[in-house]
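Visitor: I would like to learn how to read this model. Please take me through it feature by feature.

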Amino acid sequence: MVVREFRKSDKLADVCYDIRGPVLDKARQMEEEGQRIIKLNIGNLAVFGFEPPDEIVQDMIHNLPSAAGYTDSKGLFAPRKSIVHYTQEKGIAGVSIDDVFIGNGASELINMSMNALLNNGDEVLIPAPDYPLYTASVALSGGKPVHYICDEQSDWYPDIADIRSKITPNTRAIVVINPNNPTGALYPRELLEEIVQVAREHELIVFADEIYDKTLYDGNTHTSIASLADDVLFITFNGLSKNYRSCGYRSGWMVVSGNKRCARDYIEGLTMLASMRLCANTPGQLAIQTALGGYQSIKDLVAPQGRLTKQRDLAYDLLTQIPGVSVVKPKAALYMFPRLDPEIYPIADDQQFAYDLLAQEKVLIVQGTGFNWPQPDHFRLVFLPNADDLTEAIGRIARFLETLRKR
Ligand code: PLP
């Protein structure tokens with residue numbers, strides 16, 4: 001009998017998502033064998049004791065019995081209305097309910113926005129390092145991810161000259177992740193204005209990921225790039241996963257703003273893709289209104305003595321004490337992207353580095369190349385485990401690095 005082999009599609013050839021890649025598979029296997037692993041690999045707040053606001057939980061419980069039906073594909077009226085209010089607070093002009101799409105997390109909408117836009121060979125500018133969903137999603141949609149460098153020497157800000165040098169007649173859009181995962185960077189208004197100017201000159205869509213816009217340390221404030229112009233098309237992503245510690249509720253949104261007149265056809269495409277997946281989960285939609293209108297408890301976590309701030313400071317202090325390790329201190333979000341001096345740590349394959357660290361020290365991080373960083377000399381960690389676990393984990397990283405150090 002001939003047994004046909006089922007293989008994954010060619011569309012997946014360039015698609016990669018290492019945050020949940022082979023090193024995580026190894027960690028799972030070790031856990032099944034009963035080993036305890038300290039996980040610094042994923043921004044999943046709730047599992048580290050960062051509970052979602054109680055009013056959101058109560059809202060989900062209360063609404064569950066009556067939320068079994070489908071809704072409008074773009075989402076329910078009331079949560080979309082509350083998102084419109086939120087855009088007004090952030091200074092994004094001219095947004096109506098029709099411009100708001102609710103999704104099962106921002107991830108679904110990011111995929112949708114690329115799928116609706118890209119033809120084979122269309123290019124999208126994406127930061128390096130990036131949140132790898134963007135590169136994967138552009139590749140899956142038949143587009144070509146083109147990475148622009150964020151400069152570690154300049155607080156990980158996007159390098160505008162590099163952006164300009166990578167624009168071709170095929171460039172359709174630029175992705176701006178601010179606050180940034182994996183670097184923790186927060187971009188100043190002047191820099192955002194420069195990016196808008198590039199988008200204006202080259203008629204690019206700006207995809208603005210602002211999912212960490214309330215997770216800001218040291219009294220910093222956030223500027224929505226879409227608030228800076230009305231003659232450029234912006235698609236802004238946000239959601240409940242991070243600021244409201246509710247990533248399991250899968251609730252996110254996307255707002256179309258700015259020069260919508262030039263995007264009627266694209267918006268039709270977005271609407272069609274939204275219809276094809278029927279709607280986002282209804283309880284998650286209902287929680288949006290409660291979250292945006294409720295007590296913003298994230299403020300307590302990022303206050304000077306807040307748990308997130310203290311853990312950020314602790315991780316930064318411990319990492320920078322290790323010889324050959326340098327880190328730009330995050331101004332926002334949940335991550336750090338430390339550099340391992342290649343003169344001291346000659347790492348050729350950083351996935352192997354992550355694998356060996358896991359095997360030897362039972363600490364799980366994600367290698368920098370998993371974020372489309374071109375050299376094997378960085379890794380990402382989340383500073384979500386409690387202070388004792390963070391101290392233990394970074395101590396183990398230091399011990400492991402000691403074994404790699406060039407003598
Ligand atoms: N955008 C960024 C920058 C993220 O870091 C993440 C998750 O880590 C997401 C989007 C995904 O968000 P969601 O849970 O809403 O799908």
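Guide: We start with a definition. Helices (H or I, at least four residues) and strands (E, at least two) are DSSP runs, numbered from the N terminus. This is a predicted model: local features need pLDDT of at least 70, side-chain atom pairs count only at pLDDT 80 or more, and totals for chains, interfaces and linings use all residues. Residues are numbered from 1 along each chain as its sequence is written.

Visitor: Which helix gives the largest share of the shell around the ligand?

Guide: Helix α4 (residues 105–117), with three residues. A residue is near a molecule if its C-beta atom, placed from the backbone, lies within 6 Å of it. There are 13 residues around the ligand; Gly 105, Ala 106, Ser 107, Ser 241 and Gly 252 come nearest.

Visitor: How do the residues of that shell divide by class?

Guide: Ala, Val, Leu, Ile, Met, Phe, Trp, Tyr, Cys and Pro count as nonpolar, Asp, Glu, Lys and Arg as charged, and the others, Gly among them, as polar. Here the shell has five nonpolar, seven polar and one charged.

Visitor: Is Tyr 134 buried or exposed?

Guide: A residue is buried if 20 or more other C-beta atoms lie within 10 Å of its own, exposed if 12 or fewer, and partly exposed in between. Tyr 134 has 23 C-beta neighbours inside 10 Å, so Tyr 134 counts as buried. Tyr 134 sits in helix α5 (residues 133–140).

Visitor: What does Tyr 134 touch?

Guide: Contact means C-beta atoms, placed from the backbone, within 7 Å. Leaving aside residues up to four places away in sequence, Tyr 134 touches Ile 110, Ile 126 and Val 175.

Visitor: In what order do the three strands of the open sheet run?

Guide: Strands of a sheet pair through backbone hydrogen bonds, either parallel or antiparallel. Two strands pair if DSSP finds at least two bridges between them. Here the order is β11-β15-β14, with antiparallel pairing. β11 (335–336) and β14 (366–367) stand at the edges with a single partner strand each, so one side of each has no neighbour in the sheet. Between β11 and β15 (residues 379–382) there are two bridges. Tyr 335 stands opposite Val 382 in β15.

Visitor: Which domains does the chain have?

Guide: Domain bounds come from an automatic or database domain assignment. That assignment gives domain 1 (10–51 + 300–404) and domain 2 (54–293). Their contact takes 33 residues from domain 1 and 31 residues from domain 2. On the domain 1 side, α11 (307–320) and β11 are the elements that give two or more residues.

Notes. Two residues are in contact if their C-beta atoms, placed from the backbone, lie within 7 Å.
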